[in-house]
Amino acid sequence: MASPVLLCLLAVSFLRCSVSAEQRRLSPDNLLVITAATEETDGFRRFMRTAREFNYTVKILGLGEEWRGGDVARTVGGGQKVRWLKAELLKLSERTELVVLFVDSYDVVFASGPEELLSKFSRLGHRVVFSAEGFCWPDQRLSSKYPEVHSGKRYLNSGGFIGFAPDVSAIVQQWKYKDNYDDQLFYTKIYLDKEQRTKFNMTLDHRSRIFQNLNGAVDEVVMKFEKSKVRARNVAYDTLPVIIHGNGPTKLQLNYLSNYVPTAWTYENGCGICDDDLLFFNEVPDDEMPLVHVGIFIEHPTPFMEEFLDRLTTLNYPTFRIHLFIHNNVVYHERHIQKFWERYRPLFPDARLVGPEENLEEDKARTMAVEACRKDPDCDYYFSIDSDVALTNPDTLRILIEENKSVIAPMLSKHGKLWSNFWGALSPEGFYSRSEDYIEIVQGKRIGVWNVPYISQAYLIKGSVLRSKLSQVSLYVDEDGMDPDMVFCRTVRDQGVFMFVSNRDEFGRLVASSNFNTSRLHPDMWQIFDNPVDWKEKYINENYSKIFEDEKTFVEQPCPDVYWFPAFSEKMCDHLVETMEDYGGWSSGSHKDERLSGGYENVPTVDIHMNQIGFEKEWLKFLKEYIVPVTEKLYPGYYPKAQAIMNFVVRYRPDEQPFLRPHHDSSTFTINIALNSKNIDYEGGGCRFLRYDCNVESPRKGWSFMHPGRLTHYHEGLPVTKGTRYIMVSFVDP
């Protein structure tokens, strides 16, 4: 049994240890973060946002000064930072309790706060701790002089270090070099000097407890989603670093991580920073709205061009604050530009049009447009839009401006596909690579404003950025012949300007143009497969969807089991008639018909079949997508196959074929769509169902009859007495 004296001694010893531990506990009040930055770049603002989030006290060195430290992105340099730090720490060298953390700012984010930082620093048990990496930079010949490390990174990185002020000051007071001397080499030589390493009690953060340098370690770092926050976890050493440094060529990986770390996006709260620094224009008069130069680029034949141009006039933005530039490189689209110009020229009096006759290459045209903004001191923004962009949200321009980003794109994708106007990552060769979150962003499962390496087809650039960070670079022209979009994104990245894509709102979509055949009279008609949403907006009656919402108003029953409902838009009716007349191969209206397998038509009409104009596949798609749902609603229990062999446009004229004798259709059911207007294009006409003695004499343009075919609904076409009547007929499920 222990004596009372021994127990007393143990208690006193424990008390002393507790007091000693308490004395070693470091206070956040005695922590100073020092960084260097000559200008407030996007990276600097990101760094400061994460510093503020954790209430770090930050001292910024060099802001507003000229950088003379060399091109550190491509070669050695950075000594100017040490000179600034030397002068600053001279003022702090007597503060023995002060802990100084020095980090870069443009490529650094904080993942946690001062308490965790100081706790980890204290547990390491050294006076000065530098971050570590797997590369011996800038002098590989020094690698053998480093102390052996059994686990972790061996080599010093100067992008982050922490220590007590007197020790760090004593280290940097040794600086005696030019501003473009390499800062990392300076610190490396001190660390490799065993006497100095011992004197200052220096070590490296070999296992990334405090500092995570990404260069050479990208595969070691994953995101760890915690409750309402996100950490970067080093899976090689099972650590959660406090500071993430995108050193060397890992800037894009840091951008990716900082879309989440520390609270930029979480599962619990979604986007945590999206409402930071927004601009608001709700109370701003139209004549005080920012001046926007809008560049329109039509570089290849594109479907739905008329709708694309018309949307420019429906933007919720004062047109007199828009300077329009249009580059059209496609002869086929000259007709659309001319029509747009004749109709809307008063809205855009300062517009400049460059047509195919000027033979201006795409990269030169894009340069011309952006230069107009760059050279205009009143230009607040430059908005670039390609012709394969369908901006259906009229507030798009306002929304992008309000996001207050240097460069930002609205997220757009092809309907039903993952093809979009941004890339979440780049391959080592600088081309497309799919990021882990790409699909969820495109599908809207993660909503936010995302820092990405590539955007295209529609984006907004601040005029002030064009006249500063991007003022001395060529944004689109490349000597190696790289595509203008690739040149643009690479150039913007190289200048340290962030590109964002927002999916916070529905902006529209991308139009597919690879199968667009301009040899047809109205080639948009054939786009039902490639661009089904655009096709529907253009060619389906605006009241079609209301059939399923308000059947009593939008479905009529003029005769027993004969239904009448809106199907085609006026434009579809006109385009179909014009296409048939342009084709011109109308049948003779006789019983002999070589188009049919037996060569005989029992109830002949003057018509053109859909397969004659190459529209059969598209027509069957229309039946499946738009007629089948109506059939299932109106004839409950019948599930149509949407098969049809006989699909044709009929033409009735008094001097050609004015009527059609009574007959049954060879179908389960028939649709009959009026393609023009009674009492405007023709007189007379209509349909009579003999069994019910029921006439339908005033068919509406674009509306479809639907009636049973081969058994009950014996019917005839009533005579046309004047003009020309066109109907589209399909015998469904024969």
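This is a predicted model: local features need pLDDT of at least 70, side-chain atom pairs count only at pLDDT 80 or more; totals for chains, interfaces and linings use all residues.
Let's start at Lys 701, which is buried, with a relative accessible area of 17%. Lys 701 forms a salt bridge with Glu 570, and the closest N and O atoms are 3.3 Å apart. Lys 701 lies in the loop between strand E36 (694-696) and strand E37 (703-708), while Glu 570 belongs to helix H18 (residues 570-583), so the pair ties together parts that are 131 residues apart in sequence.

Another of them joins the side chains of Glu 116 and Arg 231, at 2.9 Å from N to O. This pair also links distant parts of the chain, with Glu 116 in helix H4 (residues 114-124) and Arg 231 in strand E10 (residues 229-234), 115 residues apart. Are the two partners buried or partly exposed? Glu 116 is partly exposed, with a relative accessible area of 23%, whereas Arg 231 counts as buried at 3% relative accessibility.

Asp 478 and Arg 490 meet in a salt bridge of 3.0 Å, N to O. Here Asp 478 sits in the loop between helix H14 (463-466) and helix H15 (484-494), and Arg 490 is in helix H15, so the pair connects parts that are 12 residues apart in sequence. Asp 478 counts as buried at 15% relative accessibility, and Arg 490 is partly exposed at 27%. Salt bridges can also join up into a network, as they do for Arg 311, Arg 509, Asp 534 and Glu 537.

Now for the rings. A pair of aromatic rings is described by the distance of the centres and the angle of the planes. In this model the count comes to 51 aromatic pairs. One of them is formed by Phe 422 and Tyr 438, a tilted pair with 5.0 Å from centre to centre and 45° between the planes. Phe 422 lies in strand E20 (residues 422-423) and Tyr 438 in helix H13 (residues 438-442), so their contact ties together parts that are 16 residues apart in sequence. Both Phe 422 and Tyr 438 are buried. The rings of Trp 423 and Tyr 432 have centres 5.7 Å apart and planes at 75°, so this pair is edge-to-face. Trp 423 counts as buried at 14% relative accessibility, while Tyr 432 is partly exposed at 35%.

Elsewhere, one aromatic cluster includes Phe 102, Trp 175 and Tyr 187. Charges meet rings as well: the charged end of Arg 366 sits over the ring of Phe 297, 4.4 Å from its centre, and that of Lys 617 sits over the ring of Phe 529, 5.4 Å from its centre.

Technical notes. Residues are numbered from 1 along each chain as its sequence is written. Side-chain values use heavy atoms; hydrogens and water are left out. Rings of Phe, Tyr and Trp (its six-membered ring) pair if their centres lie within 6.5 Å; planes under 30 degrees apart count as stacked, over 60 as edge-to-face and the rest as tilted. Helices (H or I, at least four residues) and strands (E, at least two) are DSSP runs, numbered from the N terminus. Buried means under 20% relative accessible area, exposed over 50%, partly exposed in between (1.4 Å probe, protein chains only). A charge sits over a ring if NZ of Lys or CZ of Arg is within 6 Å of the ring centre and within 35 degrees of the ring normal. A salt bridge is a side-chain nitrogen of Lys or Arg within 4 Å of a carboxyl oxygen of Asp or Glu.
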